[in-house]
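This report walks through one protein structure, step by step, for a reader who is new to such descriptions. Please keep the sequence and the model in view while reading.

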Amino acid sequence: MSRHATMNIGCRLIAATAATMMAVAPVLAEPARPGRPAQQRAHAETVATLAAAFQRAFRSNPDILAQRASVRATQEAIPQARAGLLPQVSATAYAGVLSARSLLSGTPTSSYQSGTFYQRGVALTATQTLFDGWRTQNSVLQAQAQVGTQREQMRAIEQAVLLDVATTYLAVATGQALVEVQRRNVGFLTETLTTTRTRLASGVATPTDVAQAEARLSRGLADLSSTETDLSIARDRFLRIVGAPPAARLAPASAVDRLIPRSRDASRDIAGQDNPAVLAAISSVKSAESAIRVAQGQMLPQLSMQAQVARDIGIDVSTLRTDSAQVVGRLTVPLYAGGAPEAQVRQARELLGQAQMQLDSARVQSRSVAFAGHAALDNATFTIRAATAEVRAADVTVEGVRKQADAGLRTLTELLNAQQDSVNARARLLQAQSDRLVASYTILAATGRLELPRLGVTQPAVGAPPPQSDLGVRSDAWGELRNPTGPARPASAR
């Protein structure tokens, strides 16, 4: 093969490689455009956009679903606490046999009187607590604070999952781009080896040149295999988090710079106030304060009233039926209970101190994450500028070294080194673009802003079903006997 033909092949290979590498770079980041739909149509069994991945994970991720169930369960503590000041009504019925034998006095000789009575009766009792040391009111406040804690923890889990989705999505997109880069590199090295062997047959190249080309091709194949392995791992993690496999070509992820605070200090301040973990810790402090007042209420007087209507039948021989009605008020003043209430108050105060320390820790951690995310964002921005300049220079270097090698001024080793430098520069650029987007989403999560509405993504409806009435729950409990873990599932559902 002539030198002119070799030069043309090299030009075509370099141009094709550069065009392909520059085409895959925008896969990682694309500025958001007004009016662009939040979710594109994807394959029925795969996820092709970041918005679709967010929606699917928000709807079906098991960690999010588990926390939502925890919130619903905690909400039931509010009506339980309110029941303390609501009337308690019960109905009682009894039936039995009474056999009695009495020793009579006042007779010359001892005599006995015996009889058997069949007794039965019904009673309706209503009890109303009038004052319980404000335990019920404080228990309601404690339950409401616990619900607030669970809700904020749910937001924290949702945002943590969304951050994992974004990180994994970008890892898959970066892996796809890197695999494309490595495949083009292997193609370049394969053509270079073929050209070198042809030139060896023509007496232009040496066996050393062929060996160097073979070694670089082997290295390129190893790099391609490693990149494909990383991509396979990222795809499997994507499937685990999102619940669906990623598409063969992922759509560009939109930048979220408009949602990020302008400076590191601003991010740190916002994270210390709006981070879901901080808000959950604040609710925990309120719950602990209410728990102290609940424990103190045990040492205060208790006032209640009880009303009862009853009918007793067959009391004795002379009385066939007795109807009665009574209203009784009870005032109980605790004097000494073995020290248990006092110990519970001390325990609640210690738990309050623990909650306050956890609040301080949550603030410090959230501020640190926000500050680190902003630092990573600034570093990635600088790295992108540097890597872009490096890629541009590497392309010029490869072209120049190739021409000089054709003229006999450079060796094949120098050309292969220049090509490897160009591949490494593009890999750094792709990774820096991914790191910048990951840092952006990390800042959003740290500041409590990683939410679907803020991102312009339609949030799936995940509302809880309407609560069942108390009568319906009681009828269900009476109508069916079940084991404590619920009805047994068929074998096919396990």
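## Terms and overall picture

Helices (H or I, at least four residues) and strands (E, at least two) are DSSP runs, numbered from the N terminus. What is shown is a predicted model, in which local features need pLDDT of at least 70 and side-chain atom pairs count only at pLDDT 80 or more, while totals for chains, interfaces and linings use all residues. Residues are numbered from 1 along each chain as its sequence is written, and side-chain values use heavy atoms, with hydrogens and water left out.

The secondary structure of the protein comes to 12 helices and four strands. Of its 494 residues, 36% count as buried, where buried means under 20% relative accessible area, exposed means over 50%, and partly exposed lies in between (1.4 Å probe, protein chains only). The protein exposes about 27,800 Å², of which carbon and sulfur atoms supply 55%; such areas come from the Shrake-Rupley method with a 1.4 Å probe, and for residues only the protein chains shown count as cover. Among contacts (heavy atoms within 4.5 Å) between residues at least 6 apart in sequence, 82% join residues at least 24 apart.

## Helix α3 and its buried face

Helix α3, residues 62-75, has 14 residues and reaches 20 Å from its first C-alpha to its last, close to the 20 Å expected at 1.5 Å a residue; the expected span is 1.5 Å times one less than the number of residues. Ile64, Gln67, Arg68, Val71 and Thr74 are buried in α3. Seen down the axis of α3, these buried residues fall within an arc of 125°, so they line one face of the helix, the arc being that of the directions from the helix axis to the C-beta atoms. The face turned away from the buried side carries the exposed residues Pro62 and Ala73.

The buried residues of α3 pack against α2 (50-60), α4 (77-82) and α5 (135-201). One of the buried residues of α3, Gln67, has a relative accessible area of 10% and, leaving aside neighbours within four places in sequence, is in contact with Gln150, Gln153, Met154 and Ile157. Asn61 caps the N-terminal end of α3, with a side-chain oxygen 3.0 Å from the backbone nitrogen of Asp63.

## Residues in other helices

Gln55 has its place in helix α2 and is buried, with a relative accessible area of 12%. A polar atom of the Gln55 side chain lies 2.7 Å from the backbone oxygen of Thr458.

Ile282, by contrast, sits in helix α8, residues 276-297, and is partly exposed, with a relative accessible area of 26%. Its C-alpha atom is separated by 8.2 Å from that of Ala355, which is 73 residues away along the chain. Leaving aside neighbours within four places in sequence, Ile282 is in contact with Leu359 and Arg363.

Helix α6, residues 207-242, has 36 residues and reaches 52 Å from its first C-alpha to its last. Just after α6, Gly243 takes a positive phi of about 95°.

## How the strands pair

Two strands are said to pair if DSSP finds at least two bridges between them. Strand β2 (residues 111-131) and strand β3 (residues 302-313) pair in the antiparallel sense over 11 bridges, and Gln128 stands opposite Met305 in β3. Strand β3 also pairs in the antiparallel sense with strand β4 (residues 321-332), over 12 bridges, where the partner of Asp312 is Thr322 in β4.

Conventions:
Polar contact = N/O pair within 3.5 Å; in protein donor to acceptor, adjacent residues only side chain to side chain.
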